[in-house]
Amino acid sequence: MVQSGSFDSSTPLGEFFTLGDFCTCSQTYQKYAAQINPFPQAEESLQALKDLNYYLLDPITRHFGRDRLQLTYGFCSPDLKRYLNQKDPQTGVKNGRIDPSRDQHMAHERNRKGNYFCDRLGAACDFRVVGVGSDQVMQWILDAQLPFDSLYFYEVTRPIHLSYGPEHKRAIWGFTSTGQPRRIRVY
C-alpha cells in the first residue's frame, strides 16, 4: 500500500476507482514511478476527485462497464507536473503536454506561494472506452446530461478529457490538427 500523508492508494474515489488508479495511470508516472510522489497533498483535492467520480465517472462506468473504461491520465501531483515539463533524457522528447492553469488535473493543489495551480478548481481525467469511439462516448455524456465543466474531444480514437468543477460550464472543446482549441458548443 503506497501512502502519502493521510492518503493511500486504496482510498476509494467512487464505485469503481481508487486514488491509486487516478494517481498512477499516466505514462509519465509509470516511467518515473520511483522518483514521483503521485498523491495529492490537499484534502480538498481528494474531495474534488471524489466529486468527479460520483457525478461523472461512476455513471459513465456503470453504462459502459468497468472492464472497458481505461483511465489514461488522472490526477497530476506537483511531482508529476515537474516530470511532464522535462524532456526524456534518452529521446530528448518532452514527457507530456499539460496546461495546469486550465486543465484541472491538479485539482486543488497549491504552488510554493500558496496559489492554486488552477484557479478553476475541480478535478479532471482523461479516459477511453475500449471498443467505443470517443464521439459516441461524448454523445452519451450529453444525452445523460451529466454536469461536467469541460470536455475536450481530440478525435474518435483518442481519449476524452472530462472535468467536474464549480462552474459546470458544460463547455466542449475540439482541437485543430495543430492542437489549437476551438469551442464546439456550450450547454
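How many nonpolar, polar and charged residues does the lining of the largest pocket have, by class? The lining has eleven nonpolar, eleven polar and nine charged residues. Here Ala, Val, Leu, Ile, Met, Phe, Trp, Tyr, Cys and Pro count as nonpolar, Asp, Glu, Lys and Arg as charged, and the others, Gly among them, as polar.

## Basis of the model

This is a predicted model, in which local features need pLDDT of at least 70 and side-chain atom pairs count only at pLDDT 80 or more, while totals for chains, interfaces and linings use all residues. Residues are numbered from 1 along each chain as its sequence is written, and side-chain values use heavy atoms, with hydrogens and water left out.

## Pockets

The largest pocket has a volume of about 1,100 Å³. A pocket is found on a 1 Å grid over the protein atoms alone, as an open set of points where a 1.4 Å probe fits, with protein on both sides within 12 Å along at least five of seven lines; lining residues have an atom within 4 Å of a point. Grid points are joined across faces, edges and corners, and the volume is the space filled by probe spheres set on the points. Of the 31 lining residues, Tyr73, Arg97, Ile98, Asp126 and Tyr154 are the closest to the centre of the largest pocket. Helix H2 (27-32), S3, S4, S5 and strand S7 (171-175) each supply at least two residues of this lining. S3 gives the most, with three. Helices (H or I, at least four residues) and strands (E, at least two) are DSSP runs, numbered from the N terminus.

The second largest pocket has a volume of about 270 Å³. Its lining consists of Pro78, Asp79, Lys81, Arg82, Arg110, Asn111, Arg112 and Phe117. By class, that is two nonpolar, one polar and five charged residues.

## Nonpolar cores

The largest nonpolar core has 37 residues. Such a core is a set of buried Ala, Val, Leu, Ile, Met, Phe, Trp, Tyr and Cys residues joined through side-chain atoms within 4.5 Å. Buried means under 20% relative accessible area, exposed over 50%, and partly exposed in between (1.4 Å probe, protein chains only). Phe22, Leu71, Phe127, Ile141, Leu151 and Leu162 have the most contacts inside the largest core. Two or more residues each come from helix H1 (19-23), helix H3 (43-64), strand S3 (69-73), strand S4 (123-129), helix H5 (134-143), strand S5 (150-153) and strand S6 (160-164). H3 gives the most, with eight residues. A second, separate core of eleven residues includes Tyr29, Tyr32, Leu84 and Phe117.

Leu162 has contacts (heavy atoms within 4.5 Å) beyond its neighbours within four places in sequence, among them Leu52, Leu56, Ile60, Phe127, Ile141 and Leu151.

## Cysteines

The count of disulfides (pairs of cysteine sulfur atoms within 2.5 Å) comes to zero. Cys23 is in no disulfide; the nearest cysteine sulfur, in Cys25, is 8.2 Å away. Cys23 is buried, at 2% relative accessible area. The sulfur of Cys125 is 7.9 Å from the closest cysteine sulfur, in Cys25, too far for a bond. Cys125 is also buried, at 0% relative accessibility.

Ser134 is found in helix H5. This serine is buried, with a relative accessible area of 4%. Not counting residues up to four places away in sequence, Ser134 touches Phe153, Glu155, Val156, Arg158, Pro159 and Ile160.

Arg102 lies in the loop between helix H4 (78-84) and S4. Leaving aside neighbours within four places in sequence, Arg102 is in contact with Cys118, Arg120 and Tyr152. Its C-alpha atom is separated by 23 Å from that of Val156, 54 residues apart along the chain.
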